[in-house]
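Here's a quick tour of one protein chain, written for someone just starting out. Have a look at the sequence and the 3D view before reading on.

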Amino acid sequence: MPTSEAAAIAAELRTAMGKLTRRVKHEDHIPLGQAAVLGALDRNGAMTTSDLAADQRVRPQSMARSVGLLMEQNLITRRAHPTDGRKSLVELSDAGRAALEAERNRRAGWLAQAIEAELTDEERALLARTAALLERLATR
């Protein structure tokens with residue numbers, strides 16, 4: 001059972017992270033679900049729609065709709081599966097890779113500007129150390 005101190009820190013951290021996440025999302029131009037699919041394809045390479053659905057923990061029908069929307073926007077392409085003729089693979093197009101990079105840059109750019117404008121040098125150093133701690137907690 002966590003101590004009351006740890007529980008209080010956890011509650012404050014969860015609230016602050018939620019607010020920050022919502023604020024950063026205001027910079028998005030690509031809907032979150034679609035950006036998540038593009039990110040998965042960027043990290044994992046070509047995938048089947050079923051594999052994408054499992055990766056994103058959504059129903060295959062929902063992923064099929066997302067894939068269709070992304071294809072209409074020319075952000076992904078479809079090609080035949082190399083070993084199973086019944087399947088196809090989807091992958092990032094050049095336009096999809098560029099859109100994903102622009103989305104990431106918008107998010108990071110806003111956050112970098114906020115850090116520069118709002119935090120002192122000492123606070124920036126503390127935040128840099130905190131980022132490593134958050135990463136450690138996220139991988140637990």
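What follows is a short briefing, from the whole chain down to single residues.

Keep in mind that this is a predicted model, where local features need pLDDT of at least 70 and side-chain atom pairs count only at pLDDT 80 or more, while totals for chains, interfaces and linings use all residues. Residues are numbered from 1 along each chain as its sequence is written, and side-chain values use heavy atoms, leaving out hydrogens and water.

**The overall build**

- The chain has 6 helices and 2 strands; here helices (H or I, at least four residues) and strands (E, at least two) are DSSP runs, numbered from the N terminus.
- With a radius of gyration of 19 Å, well over the 14 Å that the globule rule gives for 140 residues, the chain is more spread out than a compact globule. That radius is taken over C-alpha atoms, and the rule is 2.2 Å times the number of residues to the power 0.38.
- Along its principal axes, the C-alpha trace spans about 55 × 40 × 20 Å.

**Surface, contacts and charge**

- Of the 140 residues, 23% count as buried. Buried means under 20% relative accessible area, exposed means over 50%, and partly exposed is in between (1.4 Å probe, protein chains only).
- Take the contacts (heavy atoms within 4.5 Å) between residues at least 6 apart in sequence: 46% of them join residues at least 24 apart.
- The chain carries 21 positive and 19 negative charges, and their mean positions are 8 Å apart. Lys and Arg count as positive and Asp and Glu as negative, with His and the chain ends not counted; each charge is placed at NZ of Lys, CZ of Arg, CG of Asp or CD of Glu.

**What the record says**

- An unreviewed UniProt entry lists residues 6-139 as "domain: HTH marR-type". Positions follow the numbering used here, feature names are shortened, and annotations may be inferred rather than shown by experiment.
- In the model, that span is 72% helix and 7% strand, and its end C-alpha atoms lie 18 Å apart.

**Two residues with a positive phi**

- Most residues other than glycine have a negative phi.
- Arg 57 has a positive one, near 55°. You'll find Arg 57 in the loop between α3 (49-56) and α4 (60-72), and it is exposed, with a relative accessible area of 76%.
- Asn 74 also isn't a glycine, yet its phi is positive at about 60°. Asn 74 lies in the loop between α4 and β1 (76-80) and counts as exposed at 53% relative accessibility.

- Leu 41 is in helix α2 (residues 32-44) and is buried, at 4% relative accessibility. Leaving aside residues up to four places away in sequence, Leu 41 touches Met 47, Leu 52, Ile 76, Val 90, Glu 91 and Leu 92.
- Ala 11 belongs to helix α1 (residues 4-25) and is partly exposed, at 38% relative accessible area. Ala 11 and Leu 127 are 116 residues apart along the chain, with their C-alpha atoms separated by 18 Å.
- Leu 133 sits in helix α6 (residues 121-138) and is partly exposed, at 46%. Leu 133 and Val 37 are 96 residues apart in sequence and 27 Å apart in space, C-alpha to C-alpha.
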